[in-house]
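Biologist: I am new to this structure and would like to go through it with you. Could you show it to me, please?

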Amino acid sequence: MTQSLTFIAGPGGSVQGRLRVPGDKSISHRSIMLGSLADGVTRVSGFLDGDDCLATLRAFRAMGVEIEGPDNGELTIQGVGLHGLKPPTGPLDLGNSGTSMRLMAGLMAGQAFDTELTGDASLSKRPMRRVTVPLGRMGARIDTAEGGTPPLKIHGGAKLEGIRYEMPVASAQVKSSVLLAGLYADGETCVTEPAPTRDHTERMLAGAGYALRRDGGTVCLSGGGRLAAMTIDVPADISSAAFFMVAASITPGADLWLEHVGINPTRTGVIDILRLMGASIELVNEREVGGEPVADIHIAAARLRGIDIPESLVPLAIDEFPVLFVAAAVAEGRTRLTGAEELRVKESDRIQVMADGLRACGVAAEPTADGIVIKGGDGFHTAEVDSHGDHRVAMAFAVAALRGDGPITIRDCDNVNTSFPGFVDACRGIGMQITTA
Ligand code: S3P
């Protein structure tokens with residue numbers, strides 16, 4: 001077995017200056033998918049060349065789409081139209097990427113040819129019935145492993161029918177998967193979400209000229225249309241920016257600007273939660289870029305206090321909880337999270353893995369079935385923590401070390417590259433002390 005990457009994050013760093021974090025992962029995936037299926041040439045800038053989005057890119061290349069790049073975040077995609085994909089010669093390996101697998105399950109269900117979608121050890125444990133059940137109701141034929149996990153064997157040539165689907169979980173991946181299958185279905189497909197989730201698929205479809213109907217928590221489209229080629233400027237990923245929002249908030253004397261960050265209201269729960277905790281976060285130069293709102297974000301150190309996190313904010317901050325737990329650990333008083341059972345089926349069981357890591361650092365953290373209770377304190381003791389191959393857990397503990405009484409050694413950090421290539425350099429660039437081994 002190859003030795004995996006270790007971070008050694010030191011205490012006492014500063015958090016100063018300006019930083020543009022890499023492109024938004026969700027939007028980057030969708031740019032490849034919809035650009036490939038559009039008629040004509042789509043140009044993308046700001047593309048995230050992390051392992052997850054590169055897995056999506058390779059999958060579409062394997063289905064005959066010509067894609068130039070990424071070259072400094074720029075891609076040129078020769079769209080083949082909704083019916084122009086070619087059968088791949090083997091299984092499509094989607095690595096660690098749940099977004100690739102769940103969204104592509106919907107798209108592949110509408111193709112004339114068979115496909116098999118596979119992933120790494122973590123993805124191979126993640127639940128897929130949440131997409132195969134609604135897609136099956138549309139007429140898709142998809143085999144999973146026992147337990148509803150990958151690989152997915154998708155039989156081509158199925159005749160899909162539009163459905164009305166009420167999602168039992170607030171999941172943008174499920175919503176997107178069903179809508180993307182709906183592009184190939186007879187009649188109208190409608191998805192109702194129990195709480196707002198990220199709407200990048202809907203925005204990008206609208207940007208490609210596809211007619212959508214939105215009514216409260218329901219979005220509908222009819223099959224049989226076409227996608228126009230687009231120019232897509234991918235903003236910096238608020239989920240990656242979140243690590244530095246917390247880093248600046250918890251570091252005495254910190255003052256940081258994060259540039260060109262996507263602030264789509266379905267993603268800004270992290271800002272709302274940090275502000276409720278007392279953080280100093282200012283949005284400046286708000287603008288709209290290619291259908292997505294963007295701003296520069298100014299963060300200064302602040303005294304944080306513990307809160308009961310409103311459940312309505314949970315889906316809007318779903319990927320940011322590992323680092324929010326770090327903020328809670330240095331806040332004054334207790335922070336309680338509820339209604340977040342979804343965290344148990346992310347790249348790792350983020351409730352258990354974070355609780356274990358926080359406890360190793362001397363923080364009082366009590367996992368519950370659907371959340372966690374964290375007692376805030378002075379900081380983190382020097383410790384060794386295991387990220388369990390989860391990129392966001394690894395980056396969260398790198399931030400924690402800013403308030404450590406010694407270094408935090410973080411094991412199994414290779415997957416930081418799935419969403420944030422260049423993370424270590426970005427940290428060093430603003431004064432954080434981090435080395436790798
Ligand atoms: C994503 C949706 C979210 C999120 C994931 C990306 C997307 O997953 O956690 O990182 O791009 O649609 P769920 O749909 O499972 O909540």
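**A buried arginine and its surroundings**

Modeller: The side chain of Arg-267 makes a polar contact with the side chain of Asp-237, at 2.9 Å. Please keep in mind that this is a predicted model.

Biologist: Where in the chain is Arg-267 found?

Modeller: Arg-267 sits in the loop that runs between β15 (255-262) and α8 (269-276).

Biologist: Is Arg-267 buried or exposed?

Modeller: Arg-267 counts as buried, because its relative accessibility is 2% and the cut-off for buried is under 20%.

Biologist: Which residues does Arg-267 touch, not counting those up to four places away in sequence?

Modeller: Arg-267 touches Asp-24, Ser-26, Arg-198, His-200, Asp-237, Ile-238, Ser-239, Leu-316 and Glu-320. Two of these, Ser-26 and Arg-198, are also among the residues that surround the ligand.

Biologist: Let us turn to the ligand, then. Which residues surround the ligand?

Modeller: The surrounding residues are Lys-25, Ser-26, Arg-30, Thr-99, Arg-102, Ser-171, Ala-172, Gln-173, Arg-198, Ile-318, Asp-319 and Lys-346.

Biologist: Which residue has a polar side-chain atom 2.6 Å from an oxygen atom of the ligand?

Modeller: That residue is Asp-319. From the backbone, a polar atom of Ala-172 is 3.0 Å from an oxygen atom of the ligand, and an N or O atom of Gln-173 lies 2.8 Å from a ligand oxygen.

Biologist: What percentage of the ligand's accessible area does the protein cover?

Modeller: On its own the ligand has 380 Å² of accessible area, and the protein covers 95% of it.

Biologist: Changing topic: how many disulfides does a search of the whole structure find?

Modeller: The search finds one disulfide. Cys-190 and Cys-220 form it, with their sulfur atoms 2.2 Å apart. The pair ties together parts that are 30 residues apart in sequence, because Cys-190 lies in strand β11 (residues 188-192) and Cys-220 in strand β13 (residues 218-222). The link of Cys-190 and Cys-220 is right-handed, with 110° about the S-S bond, and both cysteines are buried.

Biologist: One more topic: how many aromatic pairs does a search of the whole structure find?

Modeller: The search finds six aromatic pairs. In one of them, Phe-244 and Phe-423, the ring centres are 6.0 Å apart and the planes meet at 40°, so the pair is tilted. Phe-244 lies in helix α7 (residues 238-250) and Phe-423 in helix α13 (residues 423-429), so this pair ties together parts that are 179 residues apart in sequence.

Biologist: What about the rings of Phe-420 and Phe-423?

Modeller: Their centres are 5.2 Å apart and their planes are at 75°, so this pair is edge-to-face. Phe-420 and Phe-423 are both buried.

Biologist: Which residues form one aromatic cluster?

Modeller: Phe-7, Phe-243, Phe-244, Phe-420 and Phe-423 form that cluster. Within it, Phe-244 is buried, with a relative accessible area of 0%, and Phe-423 is buried at 1%.

Methods. Residues are numbered from 1 along each chain as its sequence is written. This is a predicted model: local features need pLDDT of at least 70, side-chain atom pairs count only at pLDDT 80 or more; totals for chains, interfaces and linings use all residues. Side-chain values use heavy atoms; hydrogens and water are left out. Helices (H or I, at least four residues) and strands (E, at least two) are DSSP runs, numbered from the N terminus. Buried means under 20% relative accessible area, exposed over 50%, partly exposed in between (1.4 Å probe, protein chains only). A polar contact is a pair of N or O atoms within 3.5 Å; within protein, one must be able to donate a hydrogen and the other to accept it, and residues adjacent in sequence count only if both atoms are side-chain atoms. Contact means heavy atoms within 4.5 Å. A disulfide is a pair of cysteine sulfur atoms within 2.5 Å. A residue is near a molecule or strand if one of its heavy atoms lies within 4 Å of it. Accessible areas come from the Shrake-Rupley method with a 1.4 Å probe; for residues, only the protein chains shown count as cover. Rings of Phe, Tyr and Trp (its six-membered ring) pair if their centres lie within 6.5 Å; planes under 30 degrees apart count as stacked, over 60 as edge-to-face and the rest as tilted.
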